[in-house]
Amino acid sequence: MWFWFALASAVLSAVSVTMNKWLLVSINPAVITWALFVMAIPVYASLLLWRGIPNFTIWFWIGAVGSAFVFSISKTLSLHVIKEHDLSEIYPLQTFSVLFSYIIALIFLSEQLSWLSLFGMLLVVIGAYVLNSGKANGDLWAPLKHLL
């Protein structure tokens, strides 16, 4: 069942990125980030009315404010990059977010290291590298030279 959720998430993410690129022609990236926060308020308010207000600790508020702050900065930066560059330049590097998420999950969420996950990460890195090397006119080492 998780496969279908992951596939649907990938499709919806692609639609979201395409819509963002289209909207960024005429809208400031900070406004789109602000709209993402504001549009979620009715959903959260309806859940509060339906389920009631839960008890929160200070750690909840620290986590909520911290994640909102980090999300707003990262989303605004990513929208600026999407606005200024072609998606074909950005998304090969965006694939590394999977690698960074896994490393952070190992550190903070006590995820287990497995051979299958390492193999998957290796495939992601190789795939991103091959996608970038295709633009280098046959020079397999050009993306690495450019990065260094």
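T33 is buried, because its relative accessible area is 4%, where buried stands for under 20%, exposed for over 50% and partly exposed for what lies in between, with a 1.4 Å probe and protein chains only. This is a predicted model, in which local features need pLDDT of at least 70 and side-chain atom pairs count only at pLDDT 80 or more, while totals for chains, interfaces and linings use all residues. Residues are numbered from 1 along each chain as its sequence is written, and side-chain values use heavy atoms, with hydrogens and water left out.

T33 sits in helix 2, where helices are DSSP runs of H or I with at least four residues, strands are runs of E with at least two, and the numbering starts from the N terminus. When neighbours within four places in sequence are set aside, T33 is in contact with S72, K75, T76 and L79, contact being heavy atoms within 4.5 Å. One of these pairs, T33 and K75, is 42 residues apart in sequence, yet the two C-alpha atoms are 6.4 Å apart in space.

## The chain as a whole

The secondary structure of the chain consists of seven helices and zero strands, so that the order of elements from the N terminus reads α-α-α-α-α-α-α. Of the 148 residues in the chain, 14% count as buried.

## Helix 2

Helix 2 covers residues 29-51, a run of 23 residues, and the distance from its first C-alpha to its last is 34 Å, close to the 33 Å expected at 1.5 Å a residue; the expected span is 1.5 Å times one less than the number of residues. Within helix 2 there is a kink of about 30° at I41, shortly before the proline P42, where the bend at a residue is the angle between axes fitted to the seven residues ending there and the seven starting there.

At the start of helix 2, a side-chain oxygen of N28 comes to within 3.0 Å of the backbone nitrogen of A30. Just after helix 2, G52 adopts a positive phi of about 90°. The buried residues of helix 2 are P29, I32 and T33, and what covers these residues includes helix 1 (2-23) and helix 3.

P29 belongs to helix 2 and counts as buried because its relative accessibility is 2%. Apart from neighbours within four places in sequence, P29 is in contact with L24, T76, L79, H80 and K83. The C-alpha atoms of P29 and L79 are separated by 5.4 Å, although these residues are 50 residues apart along the chain.

How far from K75 is the nearest side chain of opposite charge? K75, in helix 3 (residues 58-84), is buried yet has no salt bridge, and that nearest side chain, E84, is 16 Å away. Here Lys and Arg count as positive and Asp and Glu as negative, with His and the chain ends not counted, and a salt bridge is a side-chain nitrogen of Lys or Arg within 4 Å of a carboxyl oxygen of Asp or Glu. Not counting residues up to four places away in sequence, K75 touches N20, T33 and L36.

N20 lies in helix 1 and is buried because its relative accessible area is 9%. With residues up to four places away in sequence left out, N20 touches I32, K75 and L79.

I103 is found in helix 5 and is partly exposed, because its relative accessible area is 39%. The C-alpha atoms of I103 and L113, which are ten residues apart along the chain, are separated by 9.6 Å.

S110 lies in the loop between helix 5 and helix 6 (115-133). S110 is exposed, because its relative accessible area is 55%, and its phi is positive, about 55°, although this residue is not a glycine.

Conventions. Polar contact = N/O pair within 3.5 Å; in protein donor to acceptor, adjacent residues only side chain to side chain.
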